[in-house]
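Subject: Handover of a structure

Dear colleague,

Please find the structure below, together with its sequence.

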Amino acid sequence: MAGEDTTARRRGRRPGGQDTRTALIEAARAVFGESGFDGATVRTIATRAGVDAAMVNHWFGSKEGLFAQAILKLPFDPHELLAALQDGPDEEFGQRIVRTFLTRWDGAGGDVFQALVRSVAGHEQAAAVLRGFFQNFFTKVIGGLGSDRVELRTTLCASQLVGMGLVRYVAKFEPMASSEIEPLVTAIAPTVQRYLTGDID
């Protein structure tokens, strides 16, 4: 019995409870801040939080998902988002990306994107982590499409989405700021599609 009590105290409720999620987010903010996205490992974050590394996948799906919640506070899980974007014809990938981006950010409210921009603009480390996130995310997307020049295509896609967010949610240029989503998808998606799979020479 004494051994069982000791084990229970050592493990606590953290591995299966909401406090695990909170501990991981707090640890992730510290480790990402120290090491950046690429340098931070799931094992290091889990160790800092005092939990098993498997808890990262349990609560966030991946390191990208944890990063999104802890640092970027994105209104979506990158792991789930990637799976959803891959569901459909490759030639419509640009449409799905633009439509999903706008739908998720509109639903979260423009102030969330504004907070992200302020964080990146005011802290070089946050900007470095954001770059790492986009590189990781779009490398998976573009790699899955079999396109060449992955790094350049990744940067081009990121510039399009971040620029679109700045104009719609931060600078609020009209008519983009108040436009319905579908006209923007029609106008912007072909450019994103070219960055993903087309000729960029």
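Helices (H or I, at least four residues) and strands (E, at least two) are DSSP runs, numbered from the N terminus. For residues 41–60, an unreviewed UniProt entry lists "DNA-binding region"; UniProt positions are given in the numbering used here, feature names are shortened, and annotations may be inferred rather than shown by experiment.

Please note that this is a predicted model, in which local features need pLDDT of at least 70 and side-chain atom pairs count only at pLDDT 80 or more, while totals for chains, interfaces and linings use all residues. Residues are numbered from 1 along each chain as its sequence is written, and side-chain values use heavy atoms, with hydrogens and water left out.

Regarding the overall architecture, the protein has eleven helices and zero strands. Of its 201 residues, 39% count as buried (buried means under 20% relative accessible area, exposed over 50%, partly exposed in between, with a 1.4 Å probe and protein chains only). Among contacts between residues at least 6 apart in sequence, 64% join residues at least 24 apart; contact means heavy atoms within 4.5 Å.

Thr-22 belongs to helix 2 (residues 18–39) and, at 38% relative accessibility, counts as partly exposed. Although Thr-22 and Ala-70 are 48 residues apart in sequence, their C-alpha atoms are 9.4 Å apart in space. Lys-63 lies in helix 5 (residues 63–72) and is buried, with a relative accessible area of 17%. Leaving aside residues up to four places away in sequence, Lys-63 touches Phe-32, Phe-37, Asp-38, Ala-40, Val-42 and Val-56.

How do the axes of helix 10 and helix 11 cross? The axes of helix 10 (residues 150–170) and helix 11 (residues 181–197) come within 8 Å and cross at roughly 160°. Here, axes are lines fitted to C-alpha atoms, for helices over the stretch in contact, and angles run from 0 to 180 degrees between N-to-C directions. Helix 10 and helix 11 are therefore roughly antiparallel to each other (angles under 35 degrees count as roughly parallel, over 145 as roughly antiparallel, 65 to 115 as roughly perpendicular and the rest as oblique). On the helix 10 side, the contact is made by Arg-153, Leu-156, Cys-157, Gln-160, Met-164 and Arg-168; helix 11 contributes residues including Ile-181, Leu-184, Ile-188 and Tyr-195. The residues of this contact divide into nine nonpolar, three polar and three charged, where Ala, Val, Leu, Ile, Met, Phe, Trp, Tyr, Cys and Pro count as nonpolar, Asp, Glu, Lys and Arg as charged, and the others, Gly among them, as polar.

The loops on either side of helix 10 also deserve a note. In the loop between helix 9 (124–145) and helix 10 lies Arg-149, whose phi is near 50°, a positive value in a residue other than glycine. Arg-149 counts as partly exposed, at 41% relative accessibility. The loop between helix 10 and helix 11 holds Lys-172, with phi near 55°, again positive in a residue other than glycine. Lys-172 is partly exposed at 49% relative accessibility. Pro-175 lies in the loop between helix 10 and helix 11 as well, and a cis peptide bond with omega of about 5° joins Glu-174 and Pro-175.

With kind regards
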